[in-house]
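This report concerns a predicted model. Its sequence and coordinates are shown below.

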There are 2 protein chains.
Amino acid sequence: MIKKIALGVDIGGTNTVYGFIDKQGFIHDHEEIPTNGSLPVTDLLDRLHDAVIHYVGKNKMELTGIGIGAPNGNFLTGMIEDPPNLGWGSVDIIKLFKDRFQCDTFLTNDANAAALGEKYFGIAKEMDDFILITLGTGLGSGIFSGGKLVYGHNGLAGEMGHMSIDSRGRKCQCGSTGCLESYVSATGIKNTINQLIEKNPNDSFLKRINGPIIDGLLLDSEYDNGNPLAQKIYQFTGKKLGHGLAQAAALFNPEAFIFYGGFSNAGSRILDHAKQSMENLLLDNQKNSISLIRTGLQQGKAGILGAASLIWEY
Amino acid sequence: MIKKIALGVDIGGTNTVYGFIDKQGFIHDHEEIPTNGSLPVTDLLDRLHDAVIHYVGKNKMELTGIGIGAPNGNFLTGMIEDPPNLGWGSVDIIKLFKDRFQCDTFLTNDANAAALGEKYFGIAKEMDDFILITLGTGLGSGIFSGGKLVYGHNGLAGEMGHMSIDSRGRKCQCGSTGCLESYVSATGIKNTINQLIEKNPNDSFLKRINGPIIDGLLLDSEYDNGNPLAQKIYQFTGKKLGHGLAQAAALFNPEAFIFYGGFSNAGSRILDHAKQSMENLLLDNQKNSISLIRTGLQQGKAGILGAASLIWEY
């Protein structure tokens with residue numbers, strides 16, 4: 001019997017992961033290839049097409065459809081709009097894939113894909129109202145309300161990272177002020193570390209951690225050892241995160257916030273502070289009703305699972 | 001032919017309005033009676049029941065169902081939960097009405113009812129993603145996303161008035177800090193006026209406007225005459241409102257914000273400032289895409305229209 005299969009594609013700034021996924025969320029195989037974002041998008045498309053057609057033929061599978069998750073991927077327009085770290089400008093990725101593969105293709109952004117992954121195959125299977133937050137270089141979010149992903153009028157909903165929590169706060173690279181992302185993300189934590197270095201220019205821990213990429217393991221272990229500056233970093237970050245969560249909760253009344261992405265590995269070091277700060281700002285009738293939990297999906301696989309679930313959803 | 005009719009009931013702190021409304025949103029008749037919130041809720045129920053049964057019988061109508069809008073009305077539980085200005089505690093209003101009237105009954109809160117009214121019979125007929133904001137003593141909101149009202153996990157969504165826009169801001173009566181309502185509502189404007197009086201204790205305009213109820217017409221006319229303090233009041237209020245709108249927009253990407261309620265009559269005096277402040281905080285891809293508009297429904301009738309539309313919706 002020919003097995004029906006969805007192709008899940010997670011396009012990242014450096015690498016692209018693709019996987020062959022059935023309706024139950026079982027990943028039959030997956031592969032990681034360079035995105036080569038400086039070449040035209042057709043370069044990626046060509047390599048992907050050859051590999052997929054070969055695999056599907058060899059394994060007697062039928063490609064039901066393709067789901068794609070990408071930064072700035074817009075579900076409604078089918079466009080990847082000026083993706084960061086990729087030199088493609090705005091591309092009509094749906095048309096390109098449909099023309100080449102001759103099958104249904106859906107696109108969404110990476111945070112929405114992760115949210116779909118949690119809903120269909122992860123920790124949120126029984127949840128209709130939850131918000132998935134990706135903590136990485138930036139802060140992204142995918143919002144489920146009433147069992148449906150929130151896309152908004154132009155497919156631009158779910159930008160929790162650019163919700164301003166302080167009109168007198170930090171300048172964000174987006175041009176706005178006080179965006180949650182400018183506090184709660186790798187970029188945000190770097191801002192916080194820089195502020196601490198100004199006050200503590202000779203601190204050896206701050207010097208060590210202030211590399212081009214934050215050493216999360218060092219930060220975590222120093223926090224666990226009681227280093228007051230490491231504690232300050234996570235306390236401050238958690239407090240700001242909690243403020244953002246409370247605002248989103250006032251609007252959505254979710255059952256849970258689910259955290260995904262490299263920097264969510266800090267776990268309770270940041271979520272405990274976030275919880276406390278969120279609870280202080282919640283209305284009485286929502287207090288102690290919202291869970292803060294970490295992803296149930298394997299890091300690196302939520303993207304392809306979520307992207308593939310676009311096929312089973314639509 | 002017997003005409004099918006929905007009863008729309010808008011329970012307020014002082015008065016209750018009810019109306020007989022058909023599927024096209026035509027109000028065949030409506031009436032206002034005292035709520036008598038200090039008496040048991042059965043007093044209101046008795047009076048309503050007698051009047052409705054009499055009217056329906058006389059006019060050969062069939063009561064299809066009852067839709068109720070009330071402060072703190074919860075769609076999911078059917079309870080009015082500790083309504084402000086009413087001595088009822090928490091009451092299972094759905095059960096009470098169903099037992100008495102023997103027909104389908106739905107409940108929601110007053111802001112959601114107004115949003116339903118706009119969607120079914122007002123300015124938002126063609127909109128799937130919009131947020132209705134009621135500006136009165138407090139600030140309420142009803143949110144449509146993807147063509148559906150957002151209720152959240154426990155029916156408590158849409159509390160935009162208690163979204164904190166400044167963690168170092170005003171103490172709100174809810175116990176939280178920096179809630180939008182503490183700036184943008186009659187209560188919020190009173191706070192602002194009190195702050196201005198501290199700095200300008202002898203200003204005659206501030207003295208005149210500082211009564212138990214804000215004289216909106218005086219504030220509007222002084223603003224139009226160029227009174228700098230009146231301008232400051234609306235500028236400041238509008239700026240805070242714009243901050244809240246930008247936050248909600250980041251999450252929902254709505255097509256429009258629609259304003260309803262007494263204090264929305266200030267119109268462009270406040271909305272122009274709000275628009276400017278919102279645009280400054282929006283992400284580039286949402287700039288100049290969101291309308292700020294005033295209700296298309298007659299003041300005092302959105303409540304019963306929206307409540308009645310619960311019947312045609314479910």
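Because the model is predicted, local features need pLDDT of at least 70 and side-chain atom pairs count only at pLDDT 80 or more, while totals for chains, interfaces and linings use all residues. Side-chain values use heavy atoms, with hydrogens and water left out; residues are numbered from 1 along each chain as its sequence is written, and chains are lettered from A and ligands numbered from 1 in the order in which they are written.

**Chains.** The same surface serves both, as 100% of the contact residues of chain B recur in chain A (contact: heavy atoms within 4.5 Å).

**Sheets.** Helices (H or I, at least four residues) and strands (E, at least two) are DSSP runs numbered from the N terminus, and two strands pair if DSSP finds at least two bridges between them. One open sheet of chain B has five strands in the order 3-2-1-4-7, with mixed pairing. Strand 3 (27-34) and strand 7 (104-109) of chain B are at its edges with a single partner strand each, so one side of each has no neighbour in the sheet. From one strand to the next the twist averages 20°. Another open sheet of chain B, also mixed in pairing, has five strands in the order 10-9-8-11-12. Here strand 10 (148-149) and strand 12 (291-294) of chain B take the edges, each with a single partner strand, so one side of each is left without a neighbour.

| Strands (chain B) | Sense | Bridges | Facing residues |
|---|---|---|---|
| Strand 1 (3-11), strand 2 (15-21) | antiparallel | six | B:Leu7, B:Phe20 |
| Strand 8 (130-135), strand 11 (256-260) | parallel | five | B:Ile131, B:Phe257 |

**Helix 3.** Helix 3 (residues 110-121) of chain B lies across strand 4 (61-70) and strand 7 of chain B, at about 110° to strand 7. Helix 3 of chain B also lies across strand 8, strand 9 (139-145), strand 10 and strand 11 of chain B, at about 45° to strand 9. Axes are lines fitted to C-alpha atoms, for helices over the stretch in contact, and angles run from 0 to 180 degrees between N-to-C directions.

**Cavity.** On a 1 Å grid over the protein atoms alone, a cavity is a set of points where a 1.4 Å probe fits but cannot get out, and lining residues have an atom within 4 Å of a point. One cavity of 30 Å³ or more is counted. The largest cavity holds about 40 Å³, a volume being the space filled by probe spheres set on the points, joined across faces, edges and corners. Its lining includes A:His162, B:Leu281 and B:Gln286. Helix 7 (residues 228-252) of chain B gives the largest share of this lining, three residues.

Definitions and conventions: On a 1 Å grid over the protein atoms alone, a cavity is a set of points where a 1.4 Å probe fits but cannot get out, and a pocket is an open set with protein on both sides within 12 Å along at least five of seven lines; lining residues have an atom within 4 Å of a point.
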